[in-house]
Amino acid sequence: MSAPPDRSAILVNDLSKHYGSRDHPVRALDHVSLRIPSGTVFGLLGPNGAGKTTLIKVLTGITDATAGEASVAGFDVRRQSMAVRAQIGWVAAEVILDDDFSARENLWFQAKLQGLKGWESRAEDLLAFFSLADRADDKVGKFSTGMRKKLEIALALLHQPLVIFMDEPTIGLDVSTRRMLWEIVTGVHREFGVTVLLTTHYIEEADALCDRVAIIDQGRILAEGTPSELKGRVKADVVELETSEPLEAARLSALPGVQEVHAQGNDWTIRVGTSDDFLPRLFATIRPDRIRRISVEKPSLETVFLEVTGRRLGQDEPIRDLRKFYAQMQRARR
Ligand SMILES: Nc1ncnc2c1ncn2[C@@H]1O[C@H](COP(=O)(O)OP(=O)(O)OP(=O)(O)O)[C@@H](O)[C@H]1O
Ligand SMILES: [Mg+2]
């Protein structure tokens with residue numbers, strides 16, 4: 001029996017991309033392997049310089065990989081780059097709209113650029129889908145940021161691609177425009193059946209929007225899965241506590257369910273199986289009036305990121321002590 005067709009929209013196999021010289025290479029991608037199923041919204045989550053844009057550039061054929069292979073919609077990105085281009089749309093971070101043209105004229109221009117035929121009804125469908133039909137003949141220069149974003153996505157969808165790439169689609173947008181864009185991405189994916197690969201360094205965006213997420217850091221994929229699978233890997237809550245007077249670490253570590261205790265003065269970071277069991281035990285051990293501050297962090301993509309990278313996303317400077325704490329924890333578990 002022949003193997004079932006691979007429904008993966010994107011396959012990446014042991015891909016590396018080095019910039020710089022042979023002696024001092026910058027490993028923008030370091031042995032990356034990924035399988036992105038058709039019809040998913042897939043998020044690449046990682047900090048600045050992680051390699052997100054580089055991966056998109058390799059997959060869209062803008063740059064060649066140093067080693068390894070990748071295919072998009074079944075076509076090899078290196079050997080069949082024209083076929084790949086016909087199947088993909090790209091929503092770039094830089095503005096691609098012509099402000100002096102109306103929305104409809106921008107679509108027309110895009111169709112001419114790509115040599116499309118019979119695109120007119122698709123363009124009207126897209127204008128309607130993005131609620132731009134009423135403003136279709138207004139110059140884009142007068143559009144709000146949200147409207148511009150919608151039109152950029154409409155342009156990327158005009159030639160009916162199977163996969164669209166969005167590099168940091170919500171960077172610099174205010175919260176409400178960002179949320180609107182999340183709805184659009186989900187809607188586009190449902191309505192047009194496209195696979196979406198987007199990059200982000202917003203944890204909540206990856207969580208809210210993506211069916212699957214890969215955490216990328218320093219060119220390497222450190223974890224991949226659905227947001228709930230990823231969170232399920234962190235089998236612990238983190239309780240942060242500030243006490244009004246010194247406390248003996250042993251008193252905390254002796255409590256059932258406590259996995260790790262880390263102290264910095266009267267500030268405590270305690271990793272526990274579940275805070276629901278731990279908190280009553282804590283309050284039975286320490287008088288509540290000696291607790292100045294307490295917070296509980298349930299497993300989130302943030303704690304997953306912290307666990308796999310040793311630092312929090314969005315903090316250029318890692319919190320030194322927490323980093324050490326997590327490094328120790330990881331070593332202990334090996
Ligand atoms: N054209 C280039 N020449 C040399 N080095 C490059 C080039 N493009 C990217 N790099 C390096 O490759 C690494 C990955 O960069 P990349 O742009 O892929 O990261 P990113 O995850 O997209 O980051 P950001 O969130 O800042 O957009 C970085 O160290 C970057 O400096
Ligand atoms: Mg980038």
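This short talk describes a sheet and a ligand site in one structure.

Good morning. The model is predicted, so local features need pLDDT of at least 70 and side-chain atom pairs count only at pLDDT 80 or more, while totals for chains, interfaces and linings use all residues. Residues are numbered from 1 along each chain as its sequence is written, and chains are lettered from A and ligands numbered from 1 in the order in which they are written.

I begin with the sheet. Six strands form an open sheet in the order 6-7-8-3-9-10, with mixed pairing. Helices (H or I, at least four residues) and strands (E, at least two) are DSSP runs, numbered from the N terminus; two strands pair if DSSP finds at least two bridges between them. Strand 6 (88-91) and strand 10 (220-225) are the edge strands, each pairing on one side only.

Within this sheet, strand 3 (residues 41-45) and strand 9 (residues 212-217) run parallel and are joined by four bridges. Which residue of strand 9 is the bridge partner of Leu-45? That partner is Ile-215.

I turn now to ligand 1. Its surroundings include Tyr-19, Val-26, Lys-52 and His-201 (a residue is near a molecule if its C-beta atom, placed from the backbone, lies within 6 Å of it). Helix 1 (52-59) and strand 2 (25-37) each supply at least two residues of this shell, and helix 1 gives the largest share, three residues. By class, the shell around ligand 1 holds four nonpolar, seven polar and one charged residue. Here Ala, Val, Leu, Ile, Met, Phe, Trp, Tyr, Cys and Pro count as nonpolar, Asp, Glu, Lys and Arg as charged, and the others, Gly among them, as polar.
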